[in-house]
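Here are some questions and answers about a structure. Look at the model first, then read on.

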Amino acid sequence: MEEADHPHHEEHPSYQRHHFESVDQQFDATNFAMWLFLVTEVMFFGGLFASYLIMRNWYYRPFVEGSHQLSIFWGTANTAVLIVSSFTMAMAVWSAEVRRKGTLLLCLSLTLLLGFVFLGIKGIEWHEKWEKHHVPGIHQYSIAAFLDPASDPEVHKQYPDDQPLPYDLAQKTEQYFFLYFAMTGMHALHMAIGCGILIFMIVRAKAGAYTAGHVTFVENFGLYWHFVDIIWIYLFALLYLISRHG
Amino acid sequence: MSEQHARTAENEHHIVSPKTYLAILFALLLGTALTVLASYFDLGEWHIASGLTLFWNPVVALAIATCKATLVVLFFMHVKYSSRLTKLTVASGIFLFLVLIGMTLADYTSRAWGRW
Amino acid sequence: MSAATIVSLPDQATARIPKMNFITKENGLLSWLLTSDHKRIATLYLISITFFFFIGGALAGLIRLELLTPQTSLMAADTYNKVFSMHGLIMVFFFLVPSVPATIGNFVIPMMVGAKDLALPKINLLSWYLYVLGGLMMLYTMSTGGVDTGWTFTTPLSTHYLNTNVVSAALCVFVAGFSSILTGLNFIVTIHKMRCPGMTWFRLPLFVWSMYAASILMVLGTPVLAITLTLVGLERIFHIGVFDPAFGGDPLLFQHLFWFYSHPAVYIMILPGMAVISEVVSTFSRKRVFGYTAVAFSSVAIAVFAFFVWAHHMFIMGISNYSALIFSLLTMLVAVPSAIKIFNWAFTLYKGSITFETPLLYAFGFMGLFTIGGMTGVFLGSTGTDIHLTETYFIVAHFHFVMVGGMLMAFLAGIHFWWPKWTGRMYPEKISQFAAVVTFIGFNFTFFPQFILGTLGMPRRYAAYPPEFQALNVFSTAGATILGVGYLLPILYLTWSLKYGAIAGNNPWQATGLEWQTQSPPLTENFTEIPIMDHEAYDYEWLERQQEKEVASVG
């Protein structure tokens, strides 16, 4: 896609900043900058993943039984929601590249909607944890469900082989939930910021900002959105899936 | 200046088609279904050596997750069509992440080996 | 010292500061606070970090005053803990980490690569605002009781057993960390994507290579500190977490995560200093840096190896023997590239035409003191000796030798070296040489006794100590007073030079490098036309031909 307004020596597109020699250089530089930022995010979440892996190693049974408290249904639903939202985001970038404003608006709106659905489902899951007193540190964390699995019929039906934990190990389930909330909370925070930026982008897209050849912002935001999706893919595996068979 | 033009961003000039995106979407959803399905079964373990056992469930779950992540990175994030620099940046991030986890876990694991 | 000098100033009777430069371009406070010009941002940073340096320095003064007597005479032990913690936090995060990168780096890198600005000017401004925000939060933390965990926030002391401003301090370091990440990110993008035509990687000044390596460390390492401090804050607020044994956590997990950043952090602090030294040594020996490729690659090697050695801060903390062995071996490896650079600078000086202007005096100080500091690091990297030397004054001396004798001297070398370019005026040479010598003497008196104290067994972070250590401590405090004078003088004469210094002209040092081909102070856009780089780095023959051409065209 050659730029229709290929920059002449003095003239350049209005969106080209003065310290850049060409739009290509500007795109190149900002794209690279976004990738570097994503690498910082990898290292940021890396600390959380490292903590989780080590604590799970130390407190295997509490972490397994803590994980059994999570809803596979909602987790899978959220995973599907985010994957589809990644698709719609990729389509949004495509729409900007081929300059289809209508499609762009549709895709951005769908992405935003799916983002809200994700956060809504997260809210449902967290609310459930709150009700069951599985929120660590505040709201009287309860180890009753782990001292006696039969006292929690919903979970007990899914995992009938779960043995009662000794008191000290039952207390360690609070560690599991601390990491659960830290990791999903940090992820949800990133999602929320993404949703905020999406709203901004929809407003700008309506004004035609991204369908005149200047796709940088959409493309770079797309990278961020896909990254948040990837984090969730790993969170889903680590928090929900790997402990279903202790 | 002409060098900058020559080194244009391949992303901008190679537009990935919606068909590709659709295919990747289905692959990702399939992967999700697979990984959830796999979690319903106890896949057993592999006794490598005394005291060293590998449980297959986590391995399979993480392997599928990595496949999904790879598809997202290569196609949705256009890394397949990106410059070597981008690929190197992604690789270095993953590498360092593995160093953090690997060397820290190595400390924890080797504590159990006692003093020489 | 001989009167020989390479300084070449324009005729002072007729010379003027160029009317149009980045300082005069726009007026008013807002034009500075909302600028996107990397040179203005560098100036803002210079003022801010100088401010924090003096606060950190005042705290150092308090430490040394307290340590004049074996008893806790000046302040309670708890207060002493706060004083050294705040000293460490301010000096590390608000002075050393941003010192060269955010001031000299911001100022000079775009010009060195031949660009009009950094790749992301607004992000650059944001990084300064984050620094200021972090700094204000630090001032708040200090004024509401401070923090006494040591700069290392060791858990579970910080999360469970203290009632000081841990969360506030952690938050301000978090914010300052992001300032650092954005600076590093900007540099990496600029160096990759904004080089002018002809500027291949191996024609870049070695300053850029070292800054590039430091930027990689900033971008990859700092986020781990961010998440670690977040977890510390969460644990402290919600009384549950992964670092406190009372909840089943592991203090060593904190240390692994903390030092994963904080070891690369020391290289974040020293690599920019090494960057300056490469430029200064070359200019004042009129020779290209010996072994350009070796110096360039050793900078990157330092950055890579920096990530593999962090647990050498944890040898006595309970890591496994096998871990200690591996990390100790890797630590020996990381010393090698640093040593390579010292050798290369020494060989640059060999058979060069050396003149002893102030930047080179500071560079000599760097080379000697950093070598001593670095070699004592090898003692500490070896587990057997580390067991005895760790947590004593030996460590304190070691890191002050590399950070103050090394990095701070390099910073001063750089400030003096680029001062004429930055302000258009020369600083007064005689008094600055005097200040450099005073600093060197004061430094040695302050910190060399601390090596001895450490080997004798005086622990660090203690307000009281056995009486037999008093003599050396008094000696050290006396040295600190001299050192203080040495640091005060530059503030005075550099400020003086802003009004009364000699006009510098474009290239008073007759240095190579694109920044010296522009006016002093530079234009806002650095170059009227993007330059084309057609010669190698440190090409003094090219410079001579340029000067001949100028003479020919004027005459």
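Helices (H or I, at least four residues) and strands (E, at least two) are DSSP runs, numbered from the N terminus. This is a predicted model, in which local features need pLDDT of at least 70 and side-chain atom pairs count only at pLDDT 80 or more, while totals for chains, interfaces and linings use all residues. Residues are numbered from 1 along each chain as its sequence is written, and chains are lettered from A and ligands numbered from 1 in the order in which they are written.

Q: How many helices does chain C have?
A: The secondary structure of chain C includes 0 strands. Its helices come to 17.

Q: Why is chain C said to be as compact as a globular protein of its length?
A: The radius of gyration is taken over C-alpha atoms, and the globule rule is 2.2 Å times the number of residues to the power 0.38. For 555 residues that rule gives 24 Å, and chain C is as compact as such a protein because its own radius is close to this, at 23 Å.

Q: Which helix supplies the largest share of the side of chain A that touches chain C?
A: Contact means that C-beta atoms, placed from the backbone, lie within 7 Å. By this test 30 residues of chain A meet 32 residues of chain C. Both α1 (23-58) and α7 (167-206) of chain A supply at least two residues of that side. The largest share, 18 residues, comes from α1(A).

Q: How many residues of helix α2 of chain A are buried?
A: A residue is buried if 20 or more other C-beta atoms, placed from the backbone, lie within 10 Å of its own. Among the buried residues of α2(A) are A:Phe63 and A:Val64. Helix α2 covers residues 60-67, and of its 8 residues the buried ones number 6.

Technical notes:
Two residues are in contact if their C-beta atoms, placed from the backbone, lie within 7 Å. A residue is buried if 20 or more other C-beta atoms lie within 10 Å of its own, exposed if 12 or fewer, and partly exposed in between; C-beta atoms are placed from the backbone.
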